Amino acid sequence: MQLTVNGEDHDLVVTTLADLLAKLDFEGDWLATAVNGELVHRADRTAHILTDRDRIEILSPMKGG
Amino acid sequence: MLTLYGQELRSRLLLGTARYPSPAVLEDAVRSSATEIVTVSLRRETAGGRQGGAFFELIRALGVHVLPNTAGCHSVSEAVLTAKMAREVFATNWIKLEVIGHHDTLQPDVFGLVEAARILSAEGFDVFPYTTDDLVVAERLVEAGCKVLMPWCAPIGSAMGPQNLPALRTMRAQFPDIPLIVDAGIGRPSHATTVMELGFDAVLLNTAVAGAIKPALMASAFARAVEAGREAFEAGMLEPRDFAVPSTPVIGKAVFA
C-alpha cells in the first residue's frame, strides 16, 4: 500500500505500524509516532492497523532552544 | 529557591541545546552553566537512524530536567501534536510551547498560543509558553492554565537584549506570583543581569552561549550574571538620583582654615 513516512512516499506490504517501523529499520525506545495527525502510543503500535495513503510521522529527540 | 510546576530548582538559568559546535562542547557548557533544565526538540528520524538515540543518551547522562519545545510549529494542531509526541519520548508533562506567527521575527502567534495552552493544560501538560510582553495575552495564558510565563525580551537569536524594559517591569508588577522567565533575545551576561535585577525569576538562553567562541566559559559567565542579578534584586537596589550624595560622612570633618 501507499504510505507517506516523514514526508516520503513508500510502497510497502505491511499491516501494522509496528511492522512499518521494523520494515524501515527504525529501532530504539526514543521514537514517537503519529498517524494522520494523531499520536499513536508506543504500546499501541502493534495493534494499530495501517490503511492505504496513511501519513506517518516518526520523530526522535533533537537539540533545541 | 525557584519552583516551577512543583519542581524546586537552585539554578535560575535554563539552557538550550542547539547550535553547539559538537556534543562534547554542549556537555561542557551544560556542566559549567550549572543549569538544571535544558530545552530539547523533536525532529523526523531517518530510517535506521541513530542520531536521535545518541542525542537522547547524551541528555540523559547530564542528569538535568528536560524541557521539550514545539519549535517550528506554526499552528495550534501542529504544536499540540508535537507536545504529545514529546511527552511520549521524554516522559515529562513539561512543554515549552511555541506557536510561531511570523516567519522573519519568529514572533509568537499569541492567539494560537493561548488556544494551544488551553488544550494542553486540560490534557495535563505543564505549559511554559513562549510569549511576548503583552499583559492581556499573559492574563489569557494564566486563565488557560499556565503557571509559568516566558516573555521574550527581543527576537529569538537576535542577541539584542531587553528592548522594552518598562514593559518587562510592568509585567513583573502585574504578575507577582507567577514565575516569569525571560526567553529569547538575551545576547550577553549583562542582559541577563538586567532582567534578573527587575525581579524576573529566571532566564532561558541558547545562542548567546552556543555561539560564543568558548561556550563553556560563556555558560559560566551567564551563571554568575544570573546569580548577581537575582541577589541584587533580593538585596534591594538604590533608585538613581539627579544629584550627588557624599558617601563619606561630613559630620566631624576637620576644619583647617
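This is a predicted model: local features need pLDDT of at least 70, side-chain atom pairs count only at pLDDT 80 or more; totals for chains, interfaces and linings use all residues.
Residues are numbered from 1 along each chain as its sequence is written, and chains are lettered from A in the order in which they are written. Local features need pLDDT of at least 70 and side-chain atom pairs pLDDT 80 or more, whereas totals for chains, interfaces and linings use all residues; side-chain values use heavy atoms, without hydrogens and water.

**View 1. Packing of helices α1(B) and α2(B).** The axes of α1 (residues 23–33) and α2 (residues 51–62) of chain B come within 11 Å and cross at roughly 20°. The two helices are therefore roughly parallel (an angle under 35 degrees). The crossing of α1(B) past α2(B) is right-handed. In this contact (heavy atoms within 4.5 Å), α1(B) contributes Pro23(B), Leu26(B), Glu27(B), Val30(B) and Arg31(B), and α2(B) contributes Phe55(B), Leu58(B), Ala61(B) and Leu62(B). Seven of these residues are nonpolar, none is polar and two are charged.

**View 2. Surroundings of Glu45(B).** Glu45(B) lies in the loop between β4 (37–44) and α2 of chain B. Its relative accessibility is 4%, so Glu45(B) counts as buried (under 20% relative accessible area, 1.4 Å probe, protein chains only). Beyond residues up to four places away in sequence, Glu45(B) touches residues including Asn6(A), Trp30(A), Ser60(A), Arg50(B) and Gln51(B).

**View 3. Cysteines Cys73(B) and Cys153(B).** No disulfide (a pair of cysteine sulfur atoms within 2.5 Å) is found over all chains. For Cys73(B), the closest cysteine sulfur, in Cys146(B), is 16 Å away, too far for a bond. The sulfur of Cys153(B) is 19 Å from its closest cysteine sulfur, also in Cys146(B), and too far for a bond. Cys73(B) is buried at 4% relative accessible area, and Cys153(B) counts as buried at 6%.

Technical notes:
Axes are lines fitted to C-alpha atoms, for helices over the stretch in contact, and angles run from 0 to 180 degrees between N-to-C directions. Helices (H or I, at least four residues) and strands (E, at least two) are DSSP runs, numbered from the N terminus. Angles under 35 degrees count as roughly parallel, over 145 as roughly antiparallel, 65 to 115 as roughly perpendicular and the rest as oblique. A crossing is left-handed if the near helix is turned anticlockwise from the far one by less than a right angle, and right-handed if clockwise. Ala, Val, Leu, Ile, Met, Phe, Trp, Tyr, Cys and Pro count as nonpolar, Asp, Glu, Lys and Arg as charged, and the others, Gly among them, as polar. Buried means under 20% relative accessible area, exposed over 50%, partly exposed in between (1.4 Å probe, protein chains only).
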